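The following note is intended for a colleague who is opening this entry for the first time. Please read the points in order with the structure in view.

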Amino acid sequence: MKPPLLELSDLTVEIGGRRLLEGIDLTVRSGEVHALVGANGSGKTTLARLLMGAEGYRSSAGAVRFEGTDLLALPMHERARRGIAIAWQEPVALEGLSIADYLGCGPVKQPAAACLEQVGLDPGEYLERPLDRGLSGGERRRIELAALLSLGPRLAILDEPTAGIDLSSLPLIEAAIPALRRAGAAVLLITHEETLARQADVASQICGGRIVCSGKPERVVDRYKHRVCVRCEGERCHD
Amino acid sequence: MTELRALRDAFAMIGEDPAEVLAPDTAHLIAHGHQVISSQSIPGVRLETHGEEDCIKVRLDIAPGGNIEKPIHLCFGLFERFGTQNVDLVLTLGAGARATVWSHCLFTLPLAARHAMTARVELGPDAELRSNETHYHGLSGLIEVIPHAIVRVGPGARYIADFSLVQGCVGTLDIDYAVAVEEGGVAELTSKVYGHRSDRIRIREAVSLDGAGARGLVKTRVAVEDDASAEIVGATYGNAPGARGHVDCMEIVRGRATARAVPEVSVSHPEAKVTHEAAIGSVDARQLETLMARGLAPDDAVDRIILGMLR
């Protein structure tokens, strides 16, 4: 068994007096794809944002270790420099920056053009385009994935990478996940896509801010699909 | 000539090729203070200049139907420690004429200076003028820039104006543009300014959509830091059927700087429509975290966002 890359133990997050995550125990090993499934509002994106160190997301209890280091003590940019990268669920526009500028930001390890090709975007057409509101949601999401690939991360957090993607491009997005794994990265894959989740090595189901089931993806996905949940008895485990 | 050499050096410093500006097929005016150093007309572009004791008078006429391929360069500046430059500009484009005017305002050397321009611009029917005015200042913070313009955009004409002052300290800036747009005409005004230290920035840009189907956009991007201040008035008046206007003001404030945006929109015809959006504050948190999540330190991420906005 590969060593743990990311370890969450008894993690609790409260924001504005509301407990959004509670007692989370989760381990992601090097080179492993770990799918996280759960209904809207169950805490998936909260967990992603907390791991990345987004403003306002602080733990009230528990610990997160990344390669043995206390991750929560590090600022966001330091987490990125240590190899954690995220493809945001709702990427923002950045006025005045081209796609090439964006993919060239930070400690990049792969050329922007190659990363765009990997997500099915023609570099000749896209590299010099502004990263503004002129891009569709699907295009922006693919660029976000390309931006993550350019960093060559050790831990890739993919927050709903296939949402809003057209059917013909889905295979390219799906192919990026095993490519990350082959490159040695671990992937925390937040998704509603059953087929995508089934390709993971491990899956966890989250409900009401708690991990209610972890294990083989087939089992976890089937339980989620059939609303088998020890926490809500299926009442909240649907979108 | 010393000034010409200084100007060549200044051009090299800002990345412009002086040979391009001085080429025989390029219309240009080069002025130091109230002294005209070089002036050149070309077929289709008549440039008359007259340097007086306290002012440079410039008349620039683009012949009707003329399509001037190479940009017309207007280079203003001061190459002394102190000085004043007043410019009185009359610019006309005949019917169907098309031209691009690049105004380079070089004030990197003066410690204290005043540059005031009064411009009257007339675009004939279906003419198109692209005007790019870029300022380069030093760090003294004692430069006073006062560009005032009255612009008439004729029927079906297009007036696209960009003003940029993002290098060096602004000093004091007082822009006042009033643009009247006739039937089917278009006016787009974009200003980008970065204020530091104790810079004072005041921008008033007003577009009056007077003709049916006239279009207007007033776009302002200002960043201020330290003790700088900015007051932006973006005004658009919809006075005719089918007129459409938009005011878009974004200001980023850092440190003790202050900013104020006053969108002024009014409609006097039931079939006209004018919209506005204004955002003032610190850098957008989500933009910031998007760049920090790529390993940029907070200050570097803020700089990248501001420079992107001002690009």
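How many bridges join S10(B) to strand S12 (residues 172–181) of chain B, and in which sense do the two strands run? There are eight bridges, and the strands run parallel. Strands here are DSSP runs of E with at least two residues, helices are DSSP runs of H or I with at least four, and both are numbered from the N terminus. Two strands pair if DSSP finds at least two bridges between them.

1. Basis of the note. This is a predicted model, in which local features need pLDDT of at least 70, side-chain atom pairs count only at pLDDT 80 or more, and totals for chains, interfaces and linings use all residues. Residues are numbered from 1 along each chain as its sequence is written, while chains are lettered from A and ligands numbered from 1 in the order in which they are written.

2. Parallel strands of chain B. Strand S10 (residues 143–153) of chain B also pairs with strand S8 (residues 112–123) of chain B, through 11 bridges and again in the parallel sense. B:Leu123 is placed opposite B:Val153 of S10(B). On the side of S12(B), B:Val151 has B:Val179 as its bridge partner.

3. Surroundings of B:Val179. Two residues are in contact if their C-beta atoms, placed from the backbone, lie within 7 Å. Beyond its neighbours within four places in sequence, B:Val179 has contacts that include B:Val151, B:Val153, B:Tyr159 and B:Leu189. B:Val179 is also one of the residues that touch the most other members of the largest nonpolar core, which holds 173 residues; A:Ala146, A:Leu155, A:Val187 and A:Leu189 are the others named. Such a core is a set of buried Ala, Val, Leu, Ile, Met, Phe, Trp, Tyr and Cys residues joined through C-beta atoms within 7 Å. In soluble globular proteins, nonpolar side chains tend to be buried together.

4. Chain B as a whole. Chain B contains four helices and 19 strands. Its radius of gyration is 20 Å, close to the 19 Å given by the globule rule for 311 residues, so chain B is as compact as a globular protein of that length. The radius is taken over C-alpha atoms, and the rule is 2.2 Å times the number of residues to the power 0.38. Of the 311 residues, 49% are buried, a term that requires 20 or more other C-beta atoms within 10 Å of the residue's own, with C-beta atoms placed from the backbone.

5. Chain A as a whole. Chain A contains nine helices and 10 strands. With a radius of gyration of 17 Å, close to the 18 Å that the globule rule gives for 239 residues, chain A is as compact as a globular protein of that length. Buried residues account for 47% of the 239 residues.

6. Strand S9 of chain A. Strand S9 (residues 202–207) of chain A has five of its six residues buried, so it is largely enclosed by the rest of the structure. A:Cys207 has A:Arg210 of S10(A) as its bridge partner. The hairpin of S9(A) and S10(A) has two residues between the strands, and A:Gly208 there takes a positive phi near 55 degrees.

7. Helix H9 of chain A. In helix H9 (residues 217–225) of chain A, the residues A:Pro217, A:Val220, A:Val221, A:Arg223 and A:Tyr224 are buried. They cover an arc of only 160 degrees around the axis, which puts them on the same side of H9(A); the arc is that of the directions from the helix axis to the C-beta atoms. The buried residues of H9(A) pack against S3, helix H8 (194–198), S9 and S10 of chain A.

8. Helix H1 of chain A. Helix H1 (residues 44–52) of chain A is mostly covered, with eight of its nine residues buried. Among them are A:Lys44 and A:Arg49. A:Gly53 follows H1(A) and has a positive phi near 90 degrees.

9. Interface. Contacts between the chains involve 18 residues of chain A and 15 residues of chain B. Helix H2 (residues 76–81) of chain A gives the most to the side of chain A that touches chain B, with four residues. That side of chain A divides into 12 nonpolar, three polar and three charged residues. Ala, Val, Leu, Ile, Met, Phe, Trp, Tyr, Cys and Pro count as nonpolar, Asp, Glu, Lys and Arg as charged, and the others, Gly among them, as polar.

Note on methods: Buried ≥ 20, exposed ≤ 12 C-beta atoms within 10 Å, placed from the backbone.
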